[in-house]
2 protein chains.
Amino acid sequence: MELDSYDKKILKLLQQNNKISQRTLAENVNLSASAVNRRIASLEEHGIIKENVSIINPTKVGRPITIIVEVKIENERLDLLENDKKRFVNCPQVQQVYYVTGDFDFLLVLNVCDMEEYEQLTRELFFKADNIKGFKTIVVMQNAKQNLHVIVD
Amino acid sequence: MELDSYDKKILKLLQQNNKISQRTLAENVNLSASAVNRRIASLEEHGIIKENVSIINPTKVGRPITIIVEVKIENERLDLLENDKKRFVNCPQVQQVYYVTGDFDFLLVLNVCDMEEYEQLTRELFFKADNIKGFKTIVVMQNAKQNLHVIVD
DNA sequence: AGTGAAAGGTATTGGGG
DNA sequence: CCCCAATACCTTTCACT
C-alpha cells in the first residue's frame, strides 16, 4: 500500500493521540470526516496501524523497575532458538524481545515491581531452561524516554 | 491514587485496545457506562493513563531497522550527563533512552529506514559530541516482541 | 460512588459527483 | 477517491439513589 501525504499526516497525528476526533483530524489535513474515516479503516486493514492502546505509567501502578537483560544461548539450532524466543515472548513481564547477533543473542526489556519478582523470573526464563549459556542483568536507573513512535514522512 | 478491581480491569482492557467503547467496557466490568466514563477520566487526570496512541508497524512505512546502542560517556558530571541525555531524547529516531550503570551508561533503541540513516545519526549523536567515550552498535535481526504493556493486578 | 435517561457529539454508511 | 447528509452509535452530563 502506498501512503500519500494525507495518510502520513493522519498517522503522524494518531501516533501522538488517537483520541482526536475524525472531524478535527479532517480539519487538520483538509479532508472531509468521511474521507478520514475511510483512510483510517484502510490503514488498519493493511496493518499499518497495528493497534490502538492506552499507555500506562508503570510507576503509578506499582511497577517502577525496568530491567534490561542480555542473553547468551548455548546452541543456535532453530528449534531450540524458537523455544527460547517463545519463552521470552510469552512472559508478561517481558515487554520487548530482540534477537541480535554479536556478543549476545537476545536483548530483553522487562518491567517488574521489585527485584524479587525479577529474581523469580530469572529462574523461569534462564535457569530452568537448558539452552541458556548465560545472561547479564542491567538495572535501569532512569527511563528517560520510552515510546514506539515511528517517523512518517 | 488507589486502584480498585474495576480500575484494574479497565486498565487491562484499555492497554490492549483503547478503541473499545465505554458501553462494552461497562459490560465487561459490570458497571454502568457513566461509571466507566468517570473512572477513565480520573485515570487520565492522575496520569495513570499516560497517553492514548496508535501503534504503527515500522516495516510497513519503510522503516524496518531497529538498532540498539550501548553508549559510554567520558565524564559523569551532571550537566554533561544531562546534555547527552537531552541530545538522545530529542532525536526522533530514538524511541527509547535508558540511563544505566555498569559497563556502559546509556542504552538506546532506534528505528531507522536504512544503515545510512543510522550512520548519519551516529555523527550527530556521538561523534560531534565531546563527552562520548565510545558506543557499541547492535543491529536487531528480529523484533520478536515490542510493547509497553504493564501488568496490572 | 453508582445508575439511567437525555442531550450533545462522533463515527459510519450510502447517494451522487 | 472525494464531498455531503442521514443514521447509528458513543460519550458526557444531570438528577437521583
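Predicted model: local features only at pLDDT ≥ 70, side-chain atom pairs only at ≥ 80, totals over all residues.
Which residue of chain A forms a salt bridge with B:D103? The partner is A:K136, and the closest N and O atoms of the pair are 2.7 Å apart.

**The interface of chain A and chain B**

- The salt bridge between B:D103 and A:K136 belongs to a total of 2 salt bridges found across the interface of chain A and chain B.
- Polar contacts across this interface amount to 47 residue pairs, with both residues at pLDDT 80 or more.
- On the side of chain A that touches chain B, two or more residues each come from α1 (5-14), β1 (49-56), β2 (65-73), α4, β3 (94-100), β4 (106-112) and β5 (132-146) of chain A.
- With 10 residues, β5(A) provides the largest share of this side.
- By residue type, the side of chain A that touches chain B consists of 31 nonpolar, 20 polar and 11 charged residues.
- In terms of contacts, 62 residues of chain A meet 62 residues of chain B.
- About 6100 Å² is buried between chain A and chain B, and carbon and sulfur atoms give 57% of that area.
- Of the area that chain A buries against chain B, 13% is supplied by A:I55, A:K145 and A:L148, which is more than any other three residues supply.

**The surroundings of DNA strand C**

- Both protein chains take part here: the residues around DNA strand C include A:S21, A:Q22 and A:S34 from chain A, as well as B:L31, B:S32 and B:R39 from chain B.
- Of the atoms of DNA strand C that come within 4 Å of the protein, 67% belong to sugar and phosphate.
- From chain B, an N or O atom in the side chain of B:R38 is 3.5 Å from a base nitrogen of DNA strand C.
- Two or more residues of the surface near DNA strand C come from each of α2 (22-29) and α3 (33-45) of chain A and α3 (33-45) of chain B.
- The largest share, 4 residues, is given by α3(B).
- This surface is made up of 2 nonpolar, 6 polar and 3 charged residues.

**A buried aspartate in chain A**

- A:D84 is part of helix α4 (residues 78-89) of chain A.
- Is A:D84 buried or exposed? A:D84 counts as buried because its relative accessible area is 1%, under the 20% cut-off.
- The side chain of A:D84 makes a polar contact of 2.8 Å with the side chain of A:N131.
- Leaving aside residues up to four places away in sequence, A:D84 touches A:I73, A:F106, A:N131 and A:I132.

**Salt bridges**

- Side chains of opposite charge can pair when their charged atoms come close.
- Over all chains, the count is 22 salt bridges.
- A:D79 and A:R77 form one of them, at 2.8 Å from N to O; A:D79 is partly exposed at 45% relative accessible area, and A:R77 is partly exposed at 47%.
- A:E124 and A:K128 are joined at 3.1 Å; A:E124 is partly exposed, whereas A:K128 is exposed.
- In chain B, the side chains of B:E27 and B:R23 meet at 3.1 Å. About one helical turn separates B:E27 and B:R23, because they are 4 residues apart in helix α2 (residues 22-29) of chain B.
- A:D4, A:D7 and A:R39 are connected in a network of salt bridges.

Notes
Residues numbered from 1 in each chain as written. Chains lettered and ligands numbered in written order. Heavy atoms only, no water. Near = heavy atom within 4 Å. Polar contact = N/O pair within 3.5 Å; in protein donor to acceptor, adjacent residues only side chain to side chain. Nonpolar A, V, L, I, M, F, W, Y, C, P; charged D, E, K, R; others polar. Buried < 20%, exposed > 50% of the residue type's maximum accessible area, 1.4 Å probe, protein only. Contact = heavy atoms within 4.5 Å. Salt bridge = Lys/Arg side-chain N within 4 Å of Asp/Glu carboxyl O. Buried area = accessible area lost by both parts, 1.4 Å probe.
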